[in-house]
Amino acid sequence: MEIAFGILGRTALQMHGRLTVQWGRPKERAVLATLLAQPNRLVSAESLLTWVWGEEEQEPRNPVSTFRTYTARIRTTLREAGLPADLRTVDGSFVLETEEDRIDWFAFRRMIGNARLLGADHRHEEAGELIEEALLLWRDDPLRDLRTPRADRARIAAVDEDWLPANNLLLTQWSALGRHREVLQRLDDLQRQHRADLGLAKQRLQALHLLGDTTQRDQYYFDARRLFRARQEEDAATELKRVQDELIRAGDITSPPITASPITVPPGPATIPLPRDGGEVVPATESTGRALLPADVDDFVGHDDLLRTLDELAQAPGGGFRPGVIVLDGLAGIGKTALAVHWAHRQVGHLADHAVYIDLHGYDADRRREPEEVVDDLLYALGGRIDRYAGQLRRAARLRELLGGRRTVVVLDNVAKSAHVQPLLLTLAPCLVIVTSRQALAGLVKQHGARHRSVTPLSAEHSAELLTNRIGARAAAQRETVARLAQLCDGFPMTLQLAAHHIELHRELALHHFADELRDRSRLLDMGDAGDDPPTSMRATLFVTYEHLHADAQRLFRFLGLPPTPTFSLAAAAALAGLSSRATHRCLDALVSAHFVDHTGEPDRYRMHDLLHVFAHELATDEVSASEAEDAERRLLSFYLHSSFAADHTVFPFYPRVPMLPLEPGVSPVEIESEKAGVTWLLRERRTMMLLVSWAARRHPEYAWRYPHIMYAIFRRYGYLSHLKKPYEVAIAACAALGDLESEGASRNDFGRILMRSGDQDGAQRQFDLALALARQTGSPIGITISLMEQGDVELDKGSPEEAVVHYEQALEKAREIGAIGPEAAIMHGSAMAHRRLAHTEEALELFGLALEIRARQKNRHGEAQTLAELAAALNGCGRYHEARDRGERALAVVEGIHDLEVAPRACAVLAKVHYNLEQYDKAVGYARQAARLSARSHNVATEADAFHILGHALQASRRPAAAIEGWRLSVAAYLDLGDLYHTRHVLVDLAAAREEPATSGL
């Protein structure tokens, strides 16, 4: 089928028998490219906007109307060219209907798919020819007429998911045909742009091996693996090692050594799909070199990975000097200039003949250096006579001529925008240009193929080393204090240097004094304000970057200083700012570009360094009005309340619901579509919500008490219940402040359960007594029911099953009066436990059965697993071992399905006892060990002690007395920690008889 549309390059249409890009206006080509990338699918105007309009472009006031105008023109062009497509508007959205194979990208994919089938059928010659034909369809970067972040992501994906796999497939066919030298030649081109692609690295290893050049194979393996590890791509390094080991095991292949192919991975940009000329490579020559650079930092530490990366990017495949542009971006004070200057000093006389530094002062309007001035400075620095060249164009031409024969590194420092240096890049084409900026400078990457690396904070080790170097001998003698100081500085070299200077000015004070002083992060921001002009403090430096942000990004940054949460999602930021998701995304992109926030590695999730959060909080305090701050805080709290409520209700639909507050205007909670999504959201946001509890209590107590109740179930399931002690204390105080006695009672009941779980029976009893008193005071039927049940639980835990039964019976009567089905099942479960302790076996089995029936009907899987486990224990106790094993395995299957860390250790402990009684001792040992591990993770000391007790019996029965003794010792220690003397005595008896034959009575 003939190609009618092209998007593998600029947007092309078939006209007069060939594809042409000479048609329409830029926006029309961009709109059609977007629709061709998504054929036969409705594309909304809002989605089109994100594809077509760049970040710095003014968006149309009426996007739908604007796109209708463009699509009308495109429709006319398609009709006049006789192209097989129908462009329609449907309810404000747009769709291009055509056969996908008419579009080069989709035709390419079909051809590669067919080639893959041919290769699988060992028709390698035909497969290779088809792949080569398909690769010819790539005229340039895909979607070349689209210059937006969304299109950039699509281009990167196209290279990673289409272009590189196709090349890998081609190399596989050539390798199967024995064309190994051609494989290496093509790899030379491919790896200039994709040096860190694992598939290409594996192809080179295999080709070198099959040509018999094990020396170069091994050298390349070490170089490539070192590269992957430097990039922290451990999985890739491991996979490369696996391939190398397989090749070595396969044995050497005799063949003449190869001299044409490079040993190391050639450097080059990783996002340009087609092989391109990287510029003239100047051969290495003998040179003493000349550096017109600031003095090097004599105690430079850290950034070894970036220094190695710069070394790699600066070298051509043969080891010579490689011209180009490298952008080093990072937050103000992060050490970009020091890194660039330090690296440039290392190159002079080795890789480079000259190195020149120019500060462009891009963030200071009064001192900003324009491109013409830079040309003059560089011409003068290289010995050119400015007065001989009257026009600026002649000066630029002369400079380029001078640079043409020299290996020159040019450091352009403090560049604010891509446009600031773009006029210089043609003149500086023979050089390696290092650009430092507080912004990402995506324009240089997109339009000039610049390589880009971000400078990140120093590690804790390197931060401490820098402080030690600056402070001197007393720092070396107080390493722990220095480590605390370094941690407070967040790895920012500027802050570390200012802190060291501050310490040196006050040598009479002990170092621990500064560690205490600098806990107040605002002091770190203050340091350097000593009357210098311009100010040299971290605050002043950050403020310059802040002032260069657009107004909406500034506003969002200020708002991010309000809550105490260092990480946040796009949705949370949108709620805080009261903006749409799209508008918030644009603001966050600006903040990421300025390094005020960073991506966490998860989609649409961000974090802020502590020092920056303090700076944002100061701005919020100074510039956000009280009413504006209150509205923003309420929006954020409302977002988390309603999102967590939706997630909790999806995961635990059978639990009583927290009474909700109305959704704040302008807030869109997260939509939870499945139980898995609910669990993921709750676990990911758990730390944020815990931070919000105390924060909300100070100004919005009506939110503060609700959060712990929503978190209770997921924390219990995953073993984090002990973490809720402080939040529940805050919740109880918040309810008291609001005068909400019923909610206070509910909070005290939950808090009591947490205390009882951690072994604090007295504390739990106090909470349950207070909860019952509050329930009676308010006349709350459900409150009284729950409190009576909790009283039964605590009596049972204290070893008083008779008293427990009385409380359970009272609670059961109340539950049935009000029709509380869920609590009724929980009460019957507890009552069954008490009857079992009293040896009322039949009553216990009957109550367990009734509780199980209700919980299964309610789809309460946690409760179902809990009752199954205890039912298994009861059946085991009366000798019905096979039934017990069945119930225990059913309980374990449920908890494994829902990852329930509360019930899992108990189920494993019961199964260990059952298998012991069935004389299946190895299985008993396995289950007991699993019970002990899971108990430790969930902080369930009672079950952990029980598990070690069972483990000792199983090991003794397996003729492993020494291991059995160790298990019993661990059991005794745990029981003593709990103050459980009854079980302690039993285990001590077992320890005393450890050298005798294993007991035959059942467990």
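Reader: How much of the protein chain, out of its 1003 residues, counts as buried? After that, please take me closely through the open sheet formed by E13, E15 and E14, along with the helices H24, H25 and H27.

Author: Happy to! This is a predicted model, in which local features need pLDDT of at least 70 and side-chain atom pairs count only at pLDDT 80 or more, while totals for chains, interfaces and linings use all residues. Residues are numbered from 1 along each chain as its sequence is written, and side-chain values use heavy atoms, leaving out hydrogens and water.

To your question: 54% of the 1003 residues count as buried (under 20% relative accessible area, with exposed meaning over 50% and partly exposed in between, using a 1.4 Å probe and protein chains only). The chain has 46 helices and 15 strands; these are DSSP runs numbered from the N terminus, helices being H or I of at least four residues and strands E of at least two. Along the principal axes, the C-alpha atoms fill a box of roughly 105 × 75 × 70 Å.

Now for the sheet. Its 3 strands are ordered E13-E15-E14, the sheet is open, and the pairing is antiparallel; two strands pair if DSSP finds at least two bridges between them. In general, the strands of a sheet pair through backbone hydrogen bonds, either parallel or antiparallel. E13 (567–569) and E14 (598–599) are the edge strands, each with a single partner, so one side of each has no neighbour in the sheet. Between E13 and E15 (residues 605–607) there are 3 bridges, and Phe568 has Tyr606 in E15 as its bridge partner. Helix H25 (residues 570–577) lies across E13 and E15, at about 85 degrees to E13.

Next comes the helix pair. The axes of H24 (residues 551–560) and H27 (residues 610–623) come within 7 Å and cross at roughly 105 degrees. Here axes are lines fitted to C-alpha atoms, for helices over the stretch in contact, and angles between N-to-C directions run from 0 to 180 degrees. H24 is therefore roughly perpendicular to H27 (65 to 115 degrees; under 35 is roughly parallel, over 145 roughly antiparallel, and the rest oblique). On the H24 side, the contact (heavy atoms within 4.5 Å) involves Phe557, Arg558 and Leu560. H27 contributes Leu612, His613, Phe615, Ala616, Leu619, Ala620 and Glu623. These residues divide into 7 nonpolar, 1 polar and 2 charged, where Ala, Val, Leu, Ile, Met, Phe, Trp, Tyr, Cys and Pro count as nonpolar, Asp, Glu, Lys and Arg as charged, and the others, Gly among them, as polar.
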